[in-house]
Amino acid sequence: MAARSAFGKGPKLGRKQVYLPNFEITLIRNPKLPPTFAAFIVPLNFNKLDLRDYLWNGYGVSVRGVRSFIQMQKVRQDKPNAKRPAPRRWFRPRSIKKMMVEMDKPFAWPQEPEDFSPWDKERYDAIKQMQEDSRETQKLDYVTKPTAERKSIAEQAKELLEGDEKWGPTDWEDVGEAQEVEKEVKIPEAVKE
Amino acid sequence: MSTSTSLRPMARRLLQPNASQQIPPSFLLPSIFAPSPQIASFSSTPNSFYPRDNNKQRGVSSQRRTGLRQPVSVSKTALPTPVNAKDLPKIETDPDHGLWGFFHSKEKSLATPEEDAAHGRAWCVEELRAKSWEDLHALWWVCVKERNRIATENYERKRLNAGYGAHEAKVRAAMVRITQRGIKQTLTERYYSWREAELLAQQDPEINLSADGVSYTPKEFTEEEYVDEDVPEEVTEEEAIRAEEALKSQAIPPETKPVEKSPDAA
């Protein structure tokens, strides 16, 4: 990156010129940090000096200091793209490198949206719940678990026992005498042998 | 660590300045040198284990919140009560702060799927071939910033569990990536054509690749006299009109393509 950028003379910077950087940097929200701090997810091969120069040359943010740490990810079963996760085939996702910078000027994040209807959150959550429920039925111990009806049956039984409800036969609609539907079909009287 | 734990309290007692100064009176001498009576202790643990070492901080634990053994100068000062984050004064952010470059808008922290989907196509290589290096470099940085923006909002969407929108962001990011690929292809093509031109120039006697001297000395050549043999000597008026009409009928206006919206990212 150029020692002098479009934002004028900045802090002491590196002199190595990088022309076509091909990586992403994610700004992450951390409400616990003071407003002069900002946290980023950076590539694993990034160092503190890289981030300082990148922020100055790309965004005009003057940085006083950088803190860096790497978060190891949890071990999980099989790779994320596996169709059926094989048991005991362990996979650890790549570590995530995070950096915190101290800036000259404070920065407050824009507000979180209160109404999530543009993202269709209701339907999204409902479908997610449905998928979760159907995944439950695939588990081995699903049959040993009490069904959803059991609760309802218990409630009904309790109501009957306490006398809140009275048992009676199902209400059938009285439609009168039985009628012959197939009137045109002639049934032979008796088959003589 | 050379002395054993049982010896240490005894040694300390002896080294105490008060003890050395106070000499017991003479009438107590028989009691001091008398054989010690046998005492059956209630506890089986030998008394010499306590205090077990010279650690002044023994028993002080931050995990068990024991506090200090002695009060300190600030012990009487009450601790300040924490203020709720909502009651704190609002932070005024500079409208020109560089970190706004990580968001699509200053009003909300993530764009809606409709806003994400409102973009055009990527730049194609044919368009990029006509651009200068400065333009291409500027466009590359526009792409880099857009990708950072998308990544930031992706993270925020997941954190808030906001709902749909991942697909729109993915398509938008793909457009940016295609533009970046086009830039790289254009630059690669330019590099190969430059190298081929250099090879040609090495064989060309007219071009001087060494640093000194004139780089290009064109050879003298005479233009051959062009003799057109079958020039129509006279064109009649009728023929001229006919030729004009034929030209007009051929001159179909070129197909006008609808001007496509320039890519939002670029």
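Helices (H or I, at least four residues) and strands (E, at least two) are DSSP runs, numbered from the N terminus. The views below show a predicted model, in which local features need pLDDT of at least 70 and side-chain atom pairs count only at pLDDT 80 or more, while totals for chains, interfaces and linings use all residues. Residues are numbered from 1 along each chain as its sequence is written, chains are lettered from A and ligands numbered from 1 in the order in which they are written, and side-chain values use heavy atoms, with hydrogens and water left out.

**View 1. The open sheet of chain A has four strands in the order E1-E2-E6-E3.** The pairing is antiparallel; two strands pair if DSSP finds at least two bridges between them. Strand E1 (26-28) and strand E3 (63-71) of chain A each have a single partner strand and stand at the edges, so one side of each has no neighbour in the sheet. From one strand to the next, the twist averages 30°. Axes are lines fitted to C-alpha atoms, for helices over the stretch in contact, and angles run from 0 to 180 degrees between N-to-C directions.

**View 2. Strand E2 (residues 37-42) of chain A pairs with E1(A) and with E6(A).** Three bridges link E1(A) and E2(A) in the antiparallel sense, and six bridges join E2(A) to E6(A), also antiparallel. Opposite A:Thr26 stands A:Ile41 in E2(A). A:Leu27 has A:Phe40 as its bridge partner in E2(A), and A:Phe40 in turn has A:Met99 as its bridge partner in E6(A).

**View 3. Strand E2 of chain A is covered on both faces.** A residue is buried under 20% relative accessible area, exposed over 50% and partly exposed in between (1.4 Å probe, protein chains only). Six of the six residues of E2(A) are buried, so this strand is largely enclosed by the rest of the structure. A:Phe37, A:Ala39 and A:Ile41 lie on one side, and A:Ala38, A:Phe40 and A:Val42 on the other.

**View 4. Helices from both chains lie across the sheet of chain A.** Helix H1 (residues 48-59) of chain A lies across E2, E3 and strand E6 (96-103) of chain A, at about 130° to E3(A). Helix H6 (residues 133-160) of chain B lies across E1, E2 and E6 of chain A, at about 35° to E1(A). Contact means heavy atoms within 4.5 Å.

**View 5. The largest nonpolar core has 30 residues.** Such a core is a set of buried Ala, Val, Leu, Ile, Met, Phe, Trp, Tyr and Cys residues joined through side-chain atoms within 4.5 Å. The members that touch the most others are A:Phe40, A:Leu51, A:Leu55, A:Val101, B:Leu99 and B:Phe102. At least two residues of this core come from each of E2, H1, E3 and E6 of chain A and H6 of chain B. H6(B) gives the largest share, five residues. Not counting residues up to four places away in sequence, A:Val101 touches several residues, among them A:Phe40, A:Leu51, A:Leu55 and A:Val66. A second, separate core of six residues includes A:Leu33, A:Phe37, A:Ala39 and A:Met100. In soluble globular proteins, nonpolar side chains tend to be buried together.

**View 6. Helix H6 of chain B holds B:Cys143 and B:Glu146.** B:Cys143 is buried, with a relative accessible area of 1%. B:Cys143 and B:Val176 are 33 residues apart in sequence, yet their C-alpha atoms are 5.8 Å apart in space. Leaving out residues up to four places away in sequence, B:Cys143 touches B:Val176, B:Thr179 and B:Gln180. B:Glu146 is also buried, at 4% relative accessible area. The side chains of B:Glu146 and B:Arg149 are joined by a polar contact of 2.7 Å. A polar contact is a pair of N or O atoms within 3.5 Å; within protein, one must be able to donate a hydrogen and the other to accept it, and residues adjacent in sequence count only if both atoms are side-chain atoms.

**View 7. A:Asp78 and B:Arg65 are residues other than glycine with positive phi.** Phi is near 65° at A:Asp78, in the loop between strand E4 (76-77) and strand E5 (90-91) of chain A. Phi is near 55° at B:Arg65, in the loop between helix H3 (29-33) and helix H4 (113-117) of chain B. A:Asp78 is buried, with a relative accessible area of 5%, whereas B:Arg65 is exposed, at 76%.
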